[in-house]
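Let's walk through this model together, beginning with a pair of charged side chains and moving on from there.

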Amino acid sequence: MTSTPEGASGPRFGSSRDERVRGRTWTVETADAGQRLDKFLAAADRAGSRSRAADALARGRVFVDDEEMAAASGARLVAAGEVVRLWIDRPGSAARGAAPRARHGLETLFEDDTLIVINKPAGMLTVPLDDAAPVTAGAEGASVLDLLQQRYRSHGGREPFVVHRIDRDTSGVVLFALTSRARGALVKQFTERTPERVYLALVDGHPHPSMGTWHDLLSWDEDAMRQRAARPGDHGAVDALSDYRVVEAFESTSLLEVRLTTGRQGQIRVQAQLRGHPLVGDRRYGGRGPASRDPIAFDRQALHAFQLAFSHPVDRRPIEVTAPPPADLSALLERLRRRR
């Protein structure tokens, strides 16, 4: 088990909680002068991608010398000495934009002829259990796949294919393909670890350092039905790699943003638990950790699949989808903010 602090081999992102709440500021150096504003913002240590830069501009979160930039300002050339500020909404706060479409009990975040991205509610399986009988839409215990099969069976006869999964009690972004060819292309991306997967996790205590990389060897415990740290001689042990940073610190807990490199079952939950900072509400991977100072009532693990970015399986254009934190997690975060 290793935890790598920020540095040359550290995480792919970096900003403190104060930076996310108040905004981040850079002064344009001579070497950067003459760049397009969106390219300047897309640097790895700023917004991190061209699509995030464009989104920030469209949402009115970018200022140059205290002047608000518009969506069209991405083509503007920055000059040496200008001060560029990027404001970032903290998780759990309201976000602008169209509300997701709800059909057949599911919120659709993105859909076209080849794929669909769903905002899965906590408490719902991504796919049925292996030994479960088929469940009709609207029935108790229906999985996301069950509901999608019902939807497409009555609208064109298409067949949804699962691309990746999240745990039953984890909320957020889940991707399905609508053709076998699209599924193959999307699964290939996940196998090559190119999609960006960002989670929000509320953990016990205050991880130190406040940002870094978690690297573990994990083994599946068949008896306990959970991941654990691999032991010498374990066959089939697998690498687990995550980058994390503290987004917001509360009295006895911390809200983390976690980016997955690998995507092992229960990865964030076990990696946080191994470092003494289990997820709030997580009954399988540790419950309350040694860093805890007071009990916090929450009915599930406080984990949300917040953002997924990948290449479209047909035309390769970048797709980035965000699922706002659900009501239960947002309410918990607001409650913790009031206690500070």
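R337 and E334 form a salt bridge, their closest N and O atoms lying 2.4 Å apart; the term stands for a side-chain nitrogen of Lys or Arg within 4 Å of a carboxyl oxygen of Asp or Glu. The two residues sit three apart in helix α7 (residues 327–339), so about one helical turn separates them. Here R337 is buried at 9% relative accessible area, while E334 is partly exposed at 27% (buried is under 20%, exposed over 50%, partly exposed in between, with a 1.4 Å probe and protein chains only). Elsewhere, salt bridges with shared partners link R52, E196, R245, E257, R259 and E320 into one network. By this rule the count is 21 salt bridges.

A word on the source: this is a predicted model, where local features need pLDDT of at least 70, side-chain atom pairs count only at pLDDT 80 or more, and totals for chains, interfaces and linings use all residues. Residues are numbered from 1 along each chain as its sequence is written, and side-chain values use heavy atoms, leaving out hydrogens and water.

Now turn to helix α6 (residues 267–274), where six of the eight residues are buried. Helices are DSSP runs of H or I with at least four residues, strands runs of E with at least two, numbered from the N terminus. The buried residues of α6 pack against several strands, including β11 (196–204) and β16 (303–311), with contact meaning heavy atoms within 4.5 Å. Just after α6, G276 adopts a positive phi of about 80°.
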